[in-house]
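Here are my notes on the model, point by point. Please read them with the coordinates open.

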Amino acid sequence: MNNDKRPLILISNDDGYHYNGIKSLIDVAKQFGDIFVAAPAVHQSGKSSAISLDVPVRARLAERQEGMTAYEISGTPADCVKLAISQLMTDRQPDLVLAGINHGYNMGISSLYSGTMACTYEAIMHGVPGVAFSYGVFASDADTDACKPLIEQVVRRVLREGLPAGVCLNVNIPPVTSEGIKALKVTVSDLGRWVNEWEKREHPMGGSYYWMTGEYEMLDDEDSRTDMYWLRRGHPTVTPCHIDQTDYASLGAISDLLL
């Protein structure tokens, strides 16, 4: 980090530039550094790390003020971070990438589908620490300001201490009650699964179609190591993640099988 300047923080999300969550995250980040926002122009949830290969991506300047520049991007969350780092942030690279605040959890295996997490994966691919924040209220008008105290705590410590190389953080915050935010728990991702994922419906003009729905089943609902265990008990969780998908433990077994 350049100690002669305030940190430069790149912010993105998958809900879109106009959602409450990203506004709350910007408010917190302004305390710590200068802000560059590159967020989708429209809702992009569930895009994971998809990128735009066959359509042009456009960037529209949405806002510029002292200490903050914001762009709306026509592509995916991954596009947003890629474009910001490679084309839009020409004078200086970010010291930290923040994603969210997502409206709804990105817990367990659901994080595989998350555009919010894709922002942080892009960050660590570029050698920049990344933290994703998600709030357990799906409504577009959710009061994401309730998350600010915990986000401030996490951002302050990550800026001060950094993160291990190649690691990003997935932070999930349950609905905040009048009692405030409970103690943060460091967890592993629950390896459950989605069931009853599709609902068949009849179109009023004729024919049927399918609407994605689903119910999440935990692998073991008594495993206190997992994010789902603690979220169900009202605690926010943080899970360290990385993008190396190699299963090192099975390299020998696969060599014996195939070589």
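**Notes on the predicted model**

1. Start with strand 5, which holds I101. Helices (H or I, at least four residues) and strands (E, at least two) are DSSP runs, numbered from the N terminus. The peptide bond that leads from G100 into I101 is cis, and its omega is near -10°. Most residues other than glycine have a negative phi, and most peptide bonds are trans.

2. Ground rules. This is a predicted model, in which local features need pLDDT of at least 70 and side-chain atom pairs count only at pLDDT 80 or more, while totals for chains, interfaces and linings use all residues. Residues are numbered from 1 along each chain as its sequence is written, and side-chain values use heavy atoms, with hydrogens and water left out.

3. Backbone, continued. S48 is not a glycine, yet its phi is positive, near 50°. S48 sits in the loop between strand 2 and strand 3. It is partly exposed, at 24% relative accessible area. (Buried means under 20% relative accessible area, exposed over 50%, partly exposed in between; 1.4 Å probe, protein chains only.) N196, also not a glycine, has a positive phi of about 50°. N196 belongs to the loop between strand 9 (193-195) and strand 10. Its relative accessible area is 52%, so N196 is exposed.

4. Nine strands make an open sheet with mixed pairing, in the order 3-4-2-1-5-6-7-13-8. Strands pair if DSSP finds at least two bridges between them. The edges are strand 3 (59-65) and strand 8 (185-186); each has a single partner strand, so one side of each lacks a neighbour in the sheet. Strand 3 and strand 4 run antiparallel and are joined by six bridges. E63 has A70, in strand 4, as its bridge partner.

5. Helices on the sheet. Helix 1 packs on the sheet and touches strand 1, strand 2, strand 4, strand 5 and strand 6. Its direction makes about 145° with that of strand 5. Helix 3 (residues 115-125) lies across strand 1, strand 5, strand 6, strand 7 and strand 13 (237-241), at about 170° to strand 6. Axes are lines fitted to C-alpha atoms, for helices over the stretch in contact; angles run from 0 to 180 degrees between N-to-C directions.

6. Helix 1 has seven of its 10 residues buried, so the rest of the structure largely encloses it. Those buried are G21, I22, S24, L25, I26, V28 and A29. Their cover includes strand 1, strand 2, strand 4, strand 5, strand 6 and helix 4. Strand 10 (residues 198-202) has five residues and zero buried, so it lies largely in the open. Five bridges tie strand 10 to strand 11 (residues 208-212), and the two run antiparallel. Their hairpin has five residues between the strands, and there G206 takes a positive phi near 110°.

7. Cores. A nonpolar core is a set of buried Ala, Val, Leu, Ile, Met, Phe, Trp, Tyr and Cys residues joined through side-chain atoms within 4.5 Å. The largest has 31 residues; I11, V37, L98, V131, F133 and I151 have the most contacts inside it. Helix 4 gives the largest share, six residues. What does I151 contact, leaving aside neighbours within four places in sequence? The list is L25, V28, I101, F133 and I173, where contact means heavy atoms within 4.5 Å.

8. Aromatics. Rings of Phe, Tyr and Trp (its six-membered ring) pair if their centres lie within 6.5 Å; planes under 30 degrees apart count as stacked, over 60 as edge-to-face and the rest as tilted. The count comes to three aromatic pairs. F36 and Y71 are stacked, at 5.7 Å centre to centre and 25° between the planes. F36 is in strand 2 and Y71 in strand 4, 35 residues apart. Both are buried.

9. Cysteines. The structure holds zero disulfides, a disulfide being a pair of cysteine sulfur atoms within 2.5 Å. For C119, the nearest cysteine sulfur is that of C80, 6.6 Å away. For C168 it is that of C241, 5.1 Å away. C168 counts as buried, at 0% relative accessibility.
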